[in-house]
Amino acid sequence: MQIQSMFFKKRASEKLDDAILQGNMKRAKGKFVDGRAKAVAEFGVWEEVRTHAAKVRDRALANLDAYLVEFERNAVRRGAVVHWAEDAEEACAIIAGIAAKNGVRKVTKSKSMVSEEVNLNERLEAAGVQVVETDLGEYILQLAHEPPSHIVAPAVHKSKEQVAELFVRAHGKPRLTEIPAMTREAREALRDHFLTADMGISGSNFVIAETGTTLTVTNEGNADMVTTLPRIHVVITGIEKVIGTLEDFATLIRLLPRSAIGQSITNYLTLTTGVKMPGDTDGPEQMHIVLVDAGRTKLVGSDLQEMLRCIRCGACMNHCPVYQNVGGHAYGWVYPGPMGSILTPVYVGLENAGDLPNAATFCGECAVACPVKIPLPDLMRKLREQQFDRKLRPWSERMVIAAWGFTATRPALYALLSRIGARVARWMGGSEGLIHWLPGIDGWTKGRDMPAPSGRTFREMYRQKRSGASHGR
Ligand code: SF4
């Protein structure tokens, strides 16, 4: 996927003016947020499991090297081939090489955000391989020639009517209006591809060190078809997905579907361990596992390491007021919302995605929703600090922040300037008590008025209250 994150502001403005998108996002928000809240309330031990899950992920990251080597050893023992890809180019070259060596003409894929990261489809298609996405959302987007706008529900920005239009054009059948009938039509179109593909490519939610197993969570069962029907199965995943044991997985899977879509369990769990063995009725003859770094090791040991705990549930974006309004495409790369506002600058360079850590109100909802307790606003703040230190923000903004820092560390000066500021703001509110325009932050006041303060600072009010209380004693 081409990086467009440097155009975030422009793209976000366009999305805000898109009435169809706004309607679709509003509908999705209700479903995700309410569904998760209900599932969490019913669970009863959410906080306890959440705390344990954060520890499970931290233990995996602390032992990343040892767990990855253990995973490789166990996967190889079961007949898989493990490949290590340092970057996107190497990952694509490995998979294109496997396809070329085995005369692969058609690939079926289940959803993989890492494959989006490395532009795998384009690379395979350029080599003459037909790639068919089989996750329903991804299939819809492949027909629309669009990238995903959400990591769990990639076509969340599309309405039923828009999908119906795409299906008429792609399938050449009468227009359907009911979702079950449309889903059936897509399944029929995909069935033939499942049966004729030479290679299946899946992502992996987790890879398990103690067994050499890769594990995929789906709601449609398409990963089962992709991993067992073709003669070759390729898994592409990030190195941070490794966990120690099946027991660790048992903890994480209690959180993932609840956080993602408000379900207590997922419909399908696809566990793949090695190749087809003598006596097995199905399974691939070859299994290749491509473990991708592409910037992940940069996070290990850094002050952003907690981001690697992420289990890709999407809850942070579902709860983010920015994402809820602009949708995923505005972010301009694979990972949208708060998690993308950290991962994108790290993976593609802060200079290419400078607006993303600033695309937050810091309401803190993302951190509250995150099932593995990633302090997302804190991490965004750290990226903002890096921007400031590397002089990546505009000169005027850096001057304002430097002036603020100077003032905030001198209490007498701060008290004087805040007294003046409070009175000026009161005066600007006029008789209505509303400020219609503020210099330097007119983007905020373009769409809303700010209530004018009382004209006195908090300190003045506090002092007055205390003296009133002492007189009343
Ligand atoms: S950062 Fe947390 S909430 Fe967001 S996708 Fe990752 S695990 Fe889910």
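This is a predicted model: local features need pLDDT of at least 70, side-chain atom pairs count only at pLDDT 80 or more; totals for chains, interfaces and linings use all residues.
Biologist: How do you know that the length of helix H20 is close to what is expected?

Modeller: Helix H20 covers residues 411-429, which is 19 residues, and from its first C-alpha to its last it reaches 27 Å, close to the 27 Å expected at 1.5 Å a residue.

Biologist: What makes the span of helix H10 agree with its number of residues, and where does H10 bend?

Modeller: The 18 residues of H10 (residues 179-196) should span 26 Å at 1.5 Å a residue, and its end C-alpha atoms are 26 Å apart, which agrees.

Biologist: Why are H3 and H12 called oblique to each other?

Modeller: Helix H3 (residues 46-62) packs against helix H12 (residues 246-261) at an angle of about 130°, their axes being 9 Å apart. Angles of 65 to 115 degrees count as roughly perpendicular and those over 145 as roughly antiparallel, and the pair is therefore oblique. The crossing of H3 past H12 is left-handed. On the H3 side the contact is made by Val49, Arg50, His52, Ala53 and Val56, and on the H12 side by Asp248, Thr251, Leu252, Arg254 and Leu255. By class, this contact of H3 with H12 holds 5 nonpolar, 2 polar and 3 charged residues.

Biologist: What makes H8 and H9 roughly perpendicular to each other?

Modeller: The axes of helix H8 (residues 136-144) and helix H9 (residues 160-171) cross at roughly 65° and come within 10 Å. The range that counts as roughly perpendicular is 65 to 115 degrees, and therefore the two helices are given that name. H8, too, passes H9 in a left-handed crossing.

Biologist: Which residues of H8 and H9 meet, and how many of them are nonpolar?

Modeller: Ile140, Leu143 and Ala144 of H8 meet Val163, Leu166 and Ala170 of H9. The contact of H8 with H9 has 6 nonpolar residues, with no polar and no charged ones.

Biologist: At what angle do the axes of H16 and H18 cross, and which residues meet there?

Modeller: For helix H16 (residues 337-348) and helix H18 (residues 376-389), the axes cross at roughly 35° and come within 9 Å, and the crossing is left-handed. H16 brings Pro338, Met339, Ser341, Ile342 and Pro345, which meet Leu376, Leu379, Met380 and Leu383 in H18. These residues divide into 8 nonpolar, 1 polar and no charged.

How values were computed:
Residues are numbered from 1 along each chain as its sequence is written. Axes are lines fitted to C-alpha atoms, for helices over the stretch in contact, and angles run from 0 to 180 degrees between N-to-C directions. Helices (H or I, at least four residues) and strands (E, at least two) are DSSP runs, numbered from the N terminus. Angles under 35 degrees count as roughly parallel, over 145 as roughly antiparallel, 65 to 115 as roughly perpendicular and the rest as oblique. A crossing is left-handed if the near helix is turned anticlockwise from the far one by less than a right angle, and right-handed if clockwise. Two residues are in contact if their C-beta atoms, placed from the backbone, lie within 7 Å. Ala, Val, Leu, Ile, Met, Phe, Trp, Tyr, Cys and Pro count as nonpolar, Asp, Glu, Lys and Arg as charged, and the others, Gly among them, as polar. The expected span of a helix is 1.5 Å times one less than its number of residues.
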